[in-house]
Amino acid sequence: MLANRQIIMAEKILVTGALGQIGSELTLALREIYGVENVLSTDIQDQENQSDPYYEKLDVMDAGKIAEIVEQHKITIVYHLAAMLSATAEKYPKKGWDLNMDSLLTFLELAKEKKIKQLYWPSSIAIFGPDTPKNNTEQNALAIPTTVYGISKRAGEFWCNYYYEKFGVDVRSIRYPGLISWKTRPGGGTTDYAVDIYYQALEEGKYECFLSENTALPMMYMDDAIRATIELMQADADKLTVRTSYNLHALSFTPKEIAEDIQKHIPDFEISYKPDFRQEIADSWPGSIDDSVAQKDWNWKPKFDLSAMTEAMLGNLKEKLGK
Ligand code: NAD
Ligand code: AKB
C-alpha cells in the first residue's frame, strides 16, 4: 500500500485545456490522488482569480513551450484535453483541424522520445457518422464521420494506435458521449443543450432547444466520466485491447425525455424546439453506445442514470445559482 502511494506521489501530471468543462473537474480529482503540487493545470485562457499557484498559461499549438514545461516540471503523465468541439469546429474547420491534430502529435512525439511515459487523449462519439448503426453502436462499427471535429477525432484515434503499435507509446483514450456537469459550463458542443436545459429550467422556467424533441444521443454525468478516465489510466496495460479509443456508455435520452425528467422536480417547466445547424451534426451521431469492450477490459460501469443525474444537477445548480 505504502509502495503504491510512493509510486503515485512520484508522478508529475500536466493537464491541458484545464479550465474547460472536463479539465476543471479532472484537475481537482487528479490532485486528490496525486497531490495538489504534482498536477500542473494549463490553458490558453487567463485564470479568473489567480487562485491556483500550480497554473500556467499554455497554448498547445506552441510545441516549444510544451517541451520546456515538460522538462522543467519533470512531467511524467499528460492529460491532453484542449480541443475545438463539434459546433465551433464546423464554423472554423481548418483551425479546428490544426488545433485538434497538431497538438496531439506534439504529445505523441514527446511520448515516443520517452519525455513522458503516459498520455491520455479524449475522443468522442463524434467519430461515428450517418452510416453507422444508430443503436448500441459497437466498438468497431463503421465510422465515417461527416464533421470536422469527428474527422479530427477519428484521425487522432488512428494516430494513437499507430504510436502505440510502432513505438510502444502508452496512450489511452475514451470516446466520451455528451458530458453533463454543473461546475463549468460547456462550450461549442452539440450536446451542450443537455446542460443548458438545467440552467434555464432554474433561471427561466423554460428552454428553447436547438435540437428536435426526438433526437436521442448518448450522454454521461461528469462524475462518471472523471471516474472512467482515471480508472482507464490506472488499469493494467496488459488488460487493454483497444489503443484507438474505447466506446463508453451511460445514458441515452432525447430532449423530450430530459424535459419530462426535469418536470418531475419543476412541474411548470416548459420546453420548445427550434433546431439549428447542430441538428444535422446530432443526426449523424449514434443514439446509444455498446461499451462491452470497456466493461470487459477494465470493468467499466456507470453509476448515474437519468433521474440520479437530474437530481444531482438541479440540487447542485440551485446552490450555485442561489435559487
Ligand atoms: P471545453 O471547450 O470546455 O474546454 C477546452 C479548453 O481548451 C478550454 O478551456 C479552452 O480555453 C482550452 N483551449 C482551447 N484552445 C487551446 C489552446 N490552443 N491551447 C490551450 N488550451 C486551449 O472542452 P471540454 O468539454 O472540457 O472537452 C475536453 C476534451 O474532451 C476535448 O478534447 C473534447 O473534444 C473532449 N470531449 C468532450 C466531450 C464533452 O461532452 N464535454 C465529449 C467528447 C469529447
Ligand atoms: C460535442 O458535442 O461536440 C461534444 C462531443 C460529444 O464530443 N460534447
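# Two ligands and their surroundings in a predicted model

A polar side-chain atom of Thr-191 lies 2.8 Å from a nitrogen atom of ligand 2, a polar contact being a pair of N or O atoms within 3.5 Å. The protein covers 93% of the 260 Å² of accessible area that ligand 2 has on its own, with areas taken from the Shrake-Rupley method with a 1.4 Å probe. The model is predicted, so local features need pLDDT of at least 70 and side-chain atom pairs count only at pLDDT 80 or more, whereas totals for chains, interfaces and linings use all residues. Residues are numbered from 1 along each chain as its sequence is written, chains are lettered from A and ligands numbered from 1 in the order in which they are written, and side-chain values use heavy atoms, with hydrogens and water left out.

**Ligand 2**

- Ligand 2 is surrounded by Leu-85, Ser-86, Ser-124, Ile-125, Tyr-149, Gly-189, Thr-190, Thr-191 and Trp-285, where a residue counts as near if one of its heavy atoms lies within 4 Å.
- Oxygen atoms of ligand 2 are approached by a polar side-chain atom of Ser-124, at 2.7 Å, and by one of Tyr-149, at 2.7 Å.
- By class, this shell holds four nonpolar, five polar and no charged residues; Ala, Val, Leu, Ile, Met, Phe, Trp, Tyr, Cys and Pro count as nonpolar, Asp, Glu, Lys and Arg as charged, and the others, Gly among them, as polar.
- At least three residues of the shell around ligand 2 come from each of domain 1 (2-178 + 222-247) and domain 2 (179-218 + 251-321), the bounds being those of an automatic or database domain assignment.

**Ligand 1**

- Ligand 1 is surrounded by 26 residues, of which the closest are Gln-21, Ile-22, Asp-43, Gln-45 and Tyr-149.
- The shell around ligand 1 divides into 15 nonpolar, eight polar and three charged residues.
- An N or O atom in the side chain of Asp-43 is 2.6 Å from an oxygen atom of ligand 1, and an N or O atom in the side chain of Gln-45 is 2.8 Å from an oxygen atom of ligand 1.
- A nitrogen atom of ligand 1 has a backbone N or O atom of Val-60 at 2.9 Å.
- Of the 830 Å² of accessible area that ligand 1 has on its own, the protein covers 90%.

Methods:
A polar contact is a pair of N or O atoms within 3.5 Å; within protein, one must be able to donate a hydrogen and the other to accept it, and residues adjacent in sequence count only if both atoms are side-chain atoms.
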